[in-house]
Amino acid sequence: MNIEQHSYYSHALGRDMTFKRYGHFGKPIIVFPSSGGSYYEYEDFGMIDAIRWYIDNGIVQVFTPDSVDNEAFLCNWKSAHDRAWMANQYDQYIVHELVGFIRHYIQYDGPFISTGCSMGAYHSLNFHLRHPDLFDTSISLSGVYDARFFVGDYDDPLVYENSPVDYIWNQNDPWFIDHYRNGNFIICTGLGRWEEITIRDTKKMDEAFRFKQIPAWIDYWGYDVDHDWPWWRQQMPYFLNALRESGKL
């Protein structure tokens with residue numbers, strides 16, 4: 001497997017940002033780390049090995065950027081506004097810098113897949129909803145999608161822009177809705193330990209998608225399925241295979 005590590009200066013974040021690339025060809029997947037995770041987490045927890053067949057066969061290639069969550073929504077000493085501001089700077093980095101680099105580097109002009117586990121699932125869905133022209137598929141595993149989980153009750157437009165369970169209800173722009181209806185949303189959670197909040201938020205997203213008539217695959221796994229890497233290692237290849245068999249990958 002081709003594995004590369006890259007680092008370059010982000011003007012949006014004012015620092016060097018590192019990411020890894022796995023693979024040589026195929027549709028690019030951007031993987032967002034779990035809470036406080038890093039660009040090498042996905043490999044360290046066996047997720048790259050779990051989807052190795054898809055990488056080795058040139059179906060997908062995986063890009064794992066670093067996160068700034070500890071300076072954004074996980075930074076408890078900051079105000080809700082300042083946390084959301086940092087999250088938006090990260091959005092600028094991903095959308096305008098990382099995606100641009102990837103497009104030029106691999107000579108690719110099509111849509112991306114977003115994915116992640118736990119906090120990464122939140123980013124996965126949020127980026128797909130905010131930028132459906134860049135991402136046509138998201139695979140969100142065990143995510144929280146309500147910004148109140150991070151900041152409590154809020155009254156701030158920047159937080160609202162990063163709270164999918166809220167802004168989806170007010171998204172009536174035909175451009176967004178058409179992209180959503182032509183995209184692939186996969187939201188999965190187990191019903192086991194440490195999944196109580198993710199079950200709640202998954203149900204909220206399910207309700208909103210149904211109301212908006214946006215097709216989505218909302219998948220609840222069993223009561224033995226915990227909020228943990230062994231299950232995510234099973235879920236990710238399962239969903240990639242389903243996308244491939246349905247001609248969406």
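Select cysteine 188 to begin. With 0% relative accessibility, cysteine 188 counts as buried, because the cut-off for buried is under 20%. The model on screen is a predicted one, so treat each stop as part of a prediction.

Which cysteine sulfur is closest to that of cysteine 188? The closest one is in cysteine 117, 9.9 Å away, which is too far for a bond. A disulfide is a covalent bond between the sulfur atoms of two cysteines. For a pair to count here, the two sulfur atoms must be within 2.5 Å. The structure holds zero disulfides. Cysteine 117 is accordingly in no disulfide, and its nearest cysteine sulfur is that of cysteine 188. Is cysteine 117 buried or exposed? Cysteine 117 is buried, with a relative accessible area of 3%.

Next, select tryptophan 217. This residue is in strand S8, which covers residues 217–220. Tryptophan 217 and cysteine 188 are 29 residues apart along the chain, and their C-alpha atoms are separated by 8.0 Å. Tryptophan 217 is partly exposed, because its relative accessible area of 31% falls between the 20% and 50% cut-offs. Now show its contacts, leaving out residues up to four places away in sequence: tryptophan 217 touches Phe185, Ile186, Ile187, Tyr238, Phe239 and Ala242.

Move to serine 118. Serine 118 is in the loop between S5 and helix H5, and that helix runs over 119–130. Look at the backbone here: serine 118 has a positive phi of about 60 degrees, although it is not a glycine. Serine 118 counts as buried, at 14% relative accessibility.

Glutamine 107 is the next selection. What is the phi of glutamine 107? Its phi is near 55 degrees, a positive value in a residue other than glycine. Glutamine 107 is in the loop between helix H4 (80–106) and strand S5 (112–117). Glutamine 107 is exposed, with a relative accessible area of 65%; serine 118, by contrast, counts as buried.

Now select tyrosine 167, in helix H8, which covers residues 164–167. Tyrosine 167 is buried, with a relative accessible area of 9%. Which residues does tyrosine 167 contact, leaving aside neighbours within four places in sequence? They are Asn126, Leu129, Arg130, Tyr160, Glu161 and Asn162.

Finally, clear the selection and display the whole chain. The protein chain has eleven helices and eight strands. Buried residues make up 61% of the 249 residues.

Show contacts across the chain. Among those between residues at least 6 apart in sequence, 71% join residues at least 24 apart. The accessible surface comes to about 10,700 Å², and 49% of it belongs to carbon and sulfur atoms.

The protein chain has 20 positive and 34 negative side chains. The centres of the two sets lie 3 Å apart.

Technical notes. Residues are numbered from 1 along each chain as its sequence is written. This is a predicted model: local features need pLDDT of at least 70, side-chain atom pairs count only at pLDDT 80 or more; totals for chains, interfaces and linings use all residues. Side-chain values use heavy atoms; hydrogens and water are left out. Helices (H or I, at least four residues) and strands (E, at least two) are DSSP runs, numbered from the N terminus. Buried means under 20% relative accessible area, exposed over 50%, partly exposed in between (1.4 Å probe, protein chains only). Contact means heavy atoms within 4.5 Å. Accessible areas come from the Shrake-Rupley method with a 1.4 Å probe; for residues, only the protein chains shown count as cover. Lys and Arg count as positive and Asp and Glu as negative; His and the chain ends are not counted. The place of a charge is taken as NZ of Lys, CZ of Arg, CG of Asp or CD of Glu.
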